[in-house]
Amino acid sequence: MNRVQLYLLAGALTLAGMGLFLYKACLVGFPMSHKTESTTWKVEARLKFVATGKPVKASLLLPEQVKGFVVFHETFISSGYGIVTTTEKENRQATWSIRKATGRQTLYYQATIELAGNSRPAAESLPPKTGGTVLEGTSLQAAKSLMKEVKKRSADKAGMVAELITQLNRKDPHDNVKLLLGPKPTRKKRVTVAVRILNHMGVPARVAGGIRLRGTVQDFSKKTALIHWLEVHNGKGWVSFDPVTGKSPVPDHWFRWYIGDGSPASVEGGDNLRTVFSVRPMVEKALSAALNRAEVSHPFLLRFSLFSLPVSTQAVYRVILLVPLGAFLLVLLRNVVGIKTFGTFMPVLIALSFRETGLLRGIFIFVLLVALGLVVRFWLERLKLLLVPRLAAVLIVVVGLMAMLSVMTKSLGGNTGISVALFPMVILTMTIERMSIVVEERGFGEALTSGLGSILCASLAYLVMNVKDIEHLVFVFPELLLVLLAATLLLGRYTGYRLMDIYRFKALAGG
Amino acid sequence: MLRILRELKRQGILAINKRNADYTLKYNPRRLYPLVDDKLRTKQLALENGIGVPPLYGVIEVEGQVRQIPEIVRDYQDFVIKPAHGSGGEGILVISGRTNGKFRRAAGTIIGREELNHHVFNTLGGLYSLGGQPDKAIIEYRVRFDPTFEHISYLGVPDIRIIVFLGVPVMSMVRLPTRMSDGKANLHQGAVGAGIDMATGRTVSAVLENDNIEEHPDTGNPVIGVSIPNWVPLLELAARCHDMTGLGYQGVDIVLDKDKGPLVLELNARPGLNIQIANRSGLLNRLDTVERYRTSLGSLSDRVAFALENF
């Protein structure tokens with residue numbers, strides 16, 4: 001019965017811990033490693049115009065949460081303007097307005113964009129009703145014969161679109177194409193024409209305008225041109241096509257800013273509107289990017305995480321969360337391996353202080369302090385002091401020794417001086433006391449065995465606790481502690497032999 | 001290594017994890033521990049149950065009472081001071097005689113009043129107690145052991161450890177102090193452990209640390225084939241300790257006094273596992289047997305008979 005309960009409990013804990021962990025790691029996208037970097041892009045749209053002294057109303061289409069990208073940290077910079085964001089047909093739109101303005105005006109929109117495979121896109125708009133007569137007269141005739149040609153050469157919708165694009169991009173275009181595109185056609189013109197033809201054919205299609213997220217960190221605030229491409233609805237969703245090569249979908253770094261063949265920005269009450277887009281890559285720790293992302297997608301999750309704490313408290317928890325790990329390691333070392341140590345969790349605390357001093361230096365300081373403390377302790381023994389005053393005396397001596405050690409290393413040019421102070425002196429005192437008793441009661445060998453065992457455990461705990469990825473894991477995914485708890489509970493019922501039992505009962509096995 | 005593990009398993013060697021999880025935690029309710037952890041309570045309980053224990057001379061509970069020690073031991077040439085909550089034989093001071101107002105320890109060294117007091121102060125401070133909490137010091141009768149063991153022990157008092165499981169004595173050994181163990185009767189301190197055949201009460205094997213031996217390392221006398229006198233009453237005494245404390249799995253330490261007969265020195269709720277080495281045999285099979293027949297084992301005589309017959 002107890003066992004069933006234990007297994008159920010451990011199973012539930014593991015399930016809860018791993019579930020939350022996998023959810024955060026895979027769906028929210030918290031990175032598993034502290035080193036993972038992710039690239040985010042700072043994009044900016046600048047609207048420049050000259051106000052004519054009348055009321056000004058400037059609008060800009062804004063990027064939405066598009067599949068594969070996350071848009072966050074949106075800011076609008078403008079002095080004196082009121083700002084409203086609305087949704088106009090397929091686009092989000094920001095409108096700046098002011099009663100009166102004269103002279104040069106600059107309005108900014110900034111946002112951070114992250115490439116992410118698993119963000120939640122905004123609901124895709126349904127394909128619009130098609131069949132409107134945008135094409136007329138000769139254009140219509142040209143379009144019809146072009147489509148006849150295209151259909152002949154393609155089997156399905158995707159092939160048809162690709163073929164249409166090929167026709168529109170031919171070096172020696174057909175007369176029909178020439179007529180449709182007009183002289184010196186731009187890329188945008190080609191897309192617009194393709195959309196019109198497709199819509200006329202009853203195929204839902206639209207123009208997508210966007211920018212390329214490209215460049216290096218050095219290219220500070222690089223201006224980038226708007227590019228346009230084709231989006232065709234295949235019955236399930238919108239599929240993008242490169243209007244020059246016909247490739248589908250378009251490259252990952254093409255970020256759709258808006259939909260439609262118009263201009264993304266417009267102004268009333270101003271002249272000479274110029275819209276400048278710029279993009280700048282930012283290399284960021286994947287963690288902060290994930291946090292930014294989660295702020296948008298899972299605000300609740302973040303509010304109840306360690307990240308909601310002040311930074312200084314977070315730093316403390318980074319260390320505290322390692323203690324359970326060290327404790328678990330100690331369970332393994334003591335109950336499965338069977339190493340003897342002084343004090344149950346003393347090695348974990350020593351390991352924590354090793355984090356400050358480094359391993360070898362830490363061991364050296366530890367051994368030195370314990371050895372010096374033992375000398376003093378043996379001398380105190382002759383004074384026949386009562387137990388608690390004697391412990392206090394050793395504690396005072398330990399603190400004094402630590403201070404001396406700090407001063408000495410400092411004057412010798414070392415910088416270990418400061419970090420020594422983090423050695424847990426009470427634990428050290430108890431270690432010295434117990435060690436001295438063991439020496440007297442059971443001899444030096446026994447004391448040395450336990451002492452070495454303690455150092456070994458502390459070193460192993462340090463090695464595990466000092467792995468940056470592990471520190472990262474337990475801090476970002478504290479729910480892993482539930483899994484650790486489950487494992488500890490199970491080990492609590494481990495009734496098999498310890499590794500040291502082999503040595504202990506070796507004689508019985510005839511070995 | 002795997003071979004050793006398999007062999008240990010085959011022989012039914014009980015190791016510490018299993019002892020704790022499946023025996024002490026399972027059969028020894030926590031609330032009963034104070035009965036055996038506090039030797040003073042054990043002593044009182046034993047007296048109430050008519051079980052022989054070394055007579056108590058006095059108890060030192062606070063530092064101020066240390067002055068009363070000379071008064072307490074005035075009438076006795078020899079005595080023992082031990083912590084009420086000690087474990088593993090630690091902190092036991094055996095005074096075997098006096099010279100010029102000083103005390104002679106069993107090991108032969110002479111200590112003064114001051115050192116004696118210091119030992120008591122340490123004891124009161126909790127130096128030897130489990131968990132280091134403040135303790136009491138017991139001053140009691142020093143056992144004059146039975147001549148059976150005279151030639152096979154060095155200095156200290158040899159004692160008989162019997163593991164009693166659910167009231168059935170399952171395994172026993174006699175622990176013989178050596179020069180190496182400094183007169184103490186603990187195997188890990190270097191005492192000789194001699195396994196006793198449960199049916200006959202005769203020692204059949206002996207170890208010193210991990211080595212098989214046949215003779216006492218200090219006296220050279222054979223330690224195998226020694227018959228323990230009054231074996232069956234001894235088993236009964238051990239089995240009665242179960243009825244007295246209610247602990248399912250315990251170690252009973254008995255000394256044979258020349259004049260007073262068998263005396264229970266202490267009970268142990270977490271008895272050690274070295275007894276298996278001394279007996280060259282595992283405990284698990286015997287414990288399993290007792291668990292299987294536990295319902296049919298009621299009376300004291302049944303249980304002792306069961307042990308004599310099966311182990």
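**Exercise 1. Find the residues through which α9(A) and α16(A) meet, then describe how the two helices pack.**

Step 1. On the α9(A) side, pick out Pro324(A), Leu325(A), Phe328(A), Val331(A) and Asn335(A); they meet Leu481(A), Leu484(A), Ala487(A), Thr488(A) and Leu491(A) of α16(A). Two residues are in contact here if their C-beta atoms, placed from the backbone, lie within 7 Å. Helices (H or I, at least four residues) and strands (E, at least two) are DSSP runs numbered from the N terminus.

Before going on, a word on the source: this is a predicted model, in which local features need pLDDT of at least 70 and side-chain atom pairs count only at pLDDT 80 or more, while totals for chains, interfaces and linings use all residues. Residues are numbered from 1 along each chain as its sequence is written, and chains are lettered from A and ligands numbered from 1 in the order in which they are written.

Step 2. Ala, Val, Leu, Ile, Met, Phe, Trp, Tyr, Cys and Pro count as nonpolar, Asp, Glu, Lys and Arg as charged, and the others, Gly among them, as polar.

Step 3. Now the geometry. Residues 322–337 form α9(A) and residues 480–491 form α16(A); their axes are 10 Å apart, at an angle of about 20 degrees. Axes are lines fitted to C-alpha atoms, for helices over the stretch in contact, and angles run from 0 to 180 degrees between N-to-C directions.

Step 4. The two helices α9(A) and α16(A) are therefore roughly parallel. Angles under 35 degrees count as roughly parallel, over 145 as roughly antiparallel, 65 to 115 as roughly perpendicular and the rest as oblique. Their crossing is left-handed, the term for a near helix turned anticlockwise from the far one by less than a right angle, with clockwise giving right-handed.

**Exercise 2. Which elements give two or more residues to the side of chain A that touches chain B?**

Step 1. Start with the totals: 23 residues of chain A are in contact with 26 residues of chain B.

Step 2. The elements are α12 (387–411), α13 (425–442) and α17 (499–504) of chain A. The largest share, 3 residues, comes from α13(A).

Step 3. By class, this side of chain A has 11 nonpolar, 5 polar and 7 charged residues.

**Exercise 3. Is Pro54(B) buried or exposed?**

Step 1. Locate Pro54(B) in the loop between α4 (39–48) and β1 (56–60) of chain B.

Step 2. Pro54(B) has 21 other C-beta atoms within 10 Å, so it is buried. The cut-offs are 20 or more other C-beta atoms within 10 Å for buried, 12 or fewer for exposed, and partly exposed in between, with C-beta atoms placed from the backbone.

Step 3. Leaving aside neighbours within four places in sequence, Pro54(B) is in contact with Glu140(B), Tyr141(B), Val143(B), Leu263(B) and Leu265(B). Its C-alpha atom is 7.4 Å from that of Val264(B), 210 residues apart along the chain.

**Exercise 4. Where does Asn100(B) lie, and where does Arg280(B) lie?**

Step 1. Asn100(B) is in the loop between β3 (93–99) and β4 (102–105) of chain B. Although not a glycine, Asn100(B) has a positive phi of about 50 degrees. Asn100(B) counts as exposed because it has 6 C-beta neighbours inside 10 Å.

Step 2. Arg280(B) is in the loop between α8 (275–279) and α9 (284–293) of chain B. With 16 other C-beta atoms within 10 Å, Arg280(B) is partly exposed.
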